[in-house]
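Hello,

Here is the structure you asked for. My notes follow it.

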Amino acid sequence: MNILVTGSKGQLGSEIRDAAMLDGGLRFFFCDLAELDITDRDAVVRMCERDGIDVIINCAAYTAVDRAEDDADTAMRVNRDGPGVLAECARERGALLLQVSTDYVFNGESSVPYRECDEVSPLGVYGQSKWEGEELVRRSGASYMIFRTSWLYSAHGNNFVKTMLRLGAERDELRVVFDQVGTPCYAADLARALMHVLERVEPGVNYAATYHFSNEGVCSWYDFAVMIMRLGGLGCRVVPIESSEFPAKVTRPHFSVLNKGKIKADWGVDVPHWMDGLERMMRAPLARGGASRGDA
Ligand SMILES: NC(=O)C1=CN([C@@H]2O[C@H](COP(=O)(O)OP(=O)(O)OC[C@H]3O[C@@H](n4cnc5c(N)ncnc54)[C@H](OP(=O)(O)O)[C@@H]3O)[C@@H](O)[C@H]2O)C=CC1
Ligand SMILES: Cc1cn([C@H]2C[C@H](O)[C@@H](COP(=O)(O)OP(=O)(O)O[C@H]3O[C@@H](C)C(=O)[C@@H](O)[C@H]3O)O2)c(=O)[nH]c1=O
């Protein structure tokens, strides 16, 4: 099976690359923006033909949540139009598309973990663009699976954990919101789940499914920050604040925990607890800085 990974130098793409090294059965082709812009239809078709691609894993995205409010055109182009291009190409060649999406498609008004069939109502441009990307994939006629995840972090690239480790080493005190509740997801665990599914897909089956995947458990960004400081051995005090006290362009959902029952039932995917994921990430050589393309 020949697998194209787009946006391969981001957090998830990098973790898939690491996971792929341990898996001999699948043949991967990794491309980031410099090699393949997912919005460039001709380039996507050419590359898929050249490499005989059977599966596309789309890790390319515009992930700057606040910046997207002022740069909606780019966010929409990458997060909506890009998956549309990939889905069309997948349909034409009978390939399978794995699209990655977000908990930010929900408005956070629920008090129980979101299921795949729950109504979406994004609060900002980023969430809206990801939802519209999902819809283009669903309507394309391609064989697809959409994986919504949340609060992704990795030793590769930039994310909340690395920001907390950096700021925690510089400051005595950090103020972090306690009224946004969700579940962090170690990108290595999502990468492993995607590999697990890929190893079990059956040729010729037309998949059309949406799944939720993050780590197990529930916490606020405040709880997450406290645990990061503790595991990082940092003395920085973390002060809980309300979202209104942390200036941001866009409102984040107050509750965006995902229910992962469906992916566990359909594929037998193993889901580690978020604290377990965080412990493993902190042991990775790049966790506290070091050279990673995403850190530039
Ligand atoms: N980060 C998070 O907290 C969460 C992410 N997700 C979703 O998970 C997926 C993976 O996210 P993550 O790994 O964090 O993303 P990153 O932002 O780490 O990586 C995205 C990659 O896509 C590249 N890219 C941007 N535009 C294009 C384009 N037009 N064509 C090809 N590549 C492009 C980026 O390049 P460059 O850096 O040069 O722009 C970057 O290398 C995304 O779909 C995201 O929406 C879901 C929930 C949480
Ligand atoms: C740095 C910092 C952030 N915060 C808040 C801001 C925000 O509400 C929350 C998390 O900060 P971030 O900037 O990481 O948040 P954000 O960019 O909203 O993270 C999101 O990214 C996109 C791509 C997703 O798909 C989501 O699942 C989610 O991971 O913590 C503090 O309260 N104090 C701080 O010192």
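Helix 1 passes helix 7 in a right-handed crossing. By definition a crossing is right-handed if the near helix is turned clockwise from the far one by less than a right angle, and left-handed if anticlockwise. Helix 1 covers residues 11-21, and helix 7 covers residues 187-198. Helices here are DSSP runs of H or I with at least four residues, strands are runs of E with at least two, and both are numbered from the N terminus.

This is a predicted model: local features need pLDDT of at least 70, side-chain atom pairs count only at pLDDT 80 or more, and totals for chains, interfaces and linings use all residues. Residues are numbered from 1 along each chain as its sequence is written, while chains are lettered from A and ligands numbered from 1 in the order in which they are written.

**Helix 1 and helix 7**

The two axes come within 8 Å and cross at roughly 60 degrees. Axes are lines fitted to C-alpha atoms, for helices over the stretch in contact, and angles run from 0 to 180 degrees between N-to-C directions. Helix 1 and helix 7 are therefore oblique to each other. Under 35 degrees counts as roughly parallel, over 145 as roughly antiparallel, 65 to 115 as roughly perpendicular, and the rest as oblique.

Helix 1 makes the contact with Gln11, Leu12, Glu15, Ile16, Asp18 and Ala19. Helix 7 brings Ala187, Ala188, Leu190, Ala191, Arg192, Leu194 and Met195. Contact means C-beta atoms, placed from the backbone, within 7 Å. By class, this contact has nine nonpolar, one polar and three charged residues. Ala, Val, Leu, Ile, Met, Phe, Trp, Tyr, Cys and Pro count as nonpolar, Asp, Glu, Lys and Arg as charged, and the others, Gly among them, as polar.

**Helix 8 and helix 10**

Helix 8 (221-232) also passes helix 10 (274-283) in a right-handed crossing. Their axes come within 11 Å and cross at roughly 40 degrees. That makes helix 8 oblique to helix 10. Met227, Ile228, Leu231 and Gly232 in helix 8 meet Met275, Leu278, Glu279 and Met282 in helix 10. The classes are six nonpolar, one polar and one charged.

**The ligands**

What surrounds ligand 1? There are 27 residues, and the closest are Gly7, Gly10, Gln11, Ala60 and Ala61. A residue belongs to such a shell if its C-beta atom, placed from the backbone, lies within 6 Å of the molecule. Helix 1, helix 4 (72-93) and strand 4 (96-102) each supply at least two residues. The shell divides into eleven nonpolar, twelve polar and four charged residues.

Ligand 2 is surrounded by 18 residues, the closest being Thr63, Val65, Thr102, Phe160 and Val177. Helix 6 (160-170) and strand 7 (173-177) give two or more residues each. Strand 7 has the largest share, with four residues. This shell has ten nonpolar, five polar and three charged residues.

**Two single residues**

Pro83 lies in helix 4. Pro83 is buried, with 33 other C-beta atoms within 10 Å. Buried means 20 or more such atoms, exposed 12 or fewer, and partly exposed in between, with C-beta atoms placed from the backbone. Not counting residues up to four places away in sequence, Pro83 touches Asn58, Gln99, Gly133, Leu136 and Val137. Pro83 and Leu136 are 53 residues apart in sequence, yet 7.1 Å apart in space, C-alpha to C-alpha.

Trp151 sits in the loop between strand 5 (143-149) and strand 6 (152-153). Trp151 has a positive phi of about 50 degrees, although it is not a glycine. With 24 C-beta neighbours inside 10 Å, Trp151 counts as buried.

Best wishes

How values were computed: Two residues are in contact if their C-beta atoms, placed from the backbone, lie within 7 Å.
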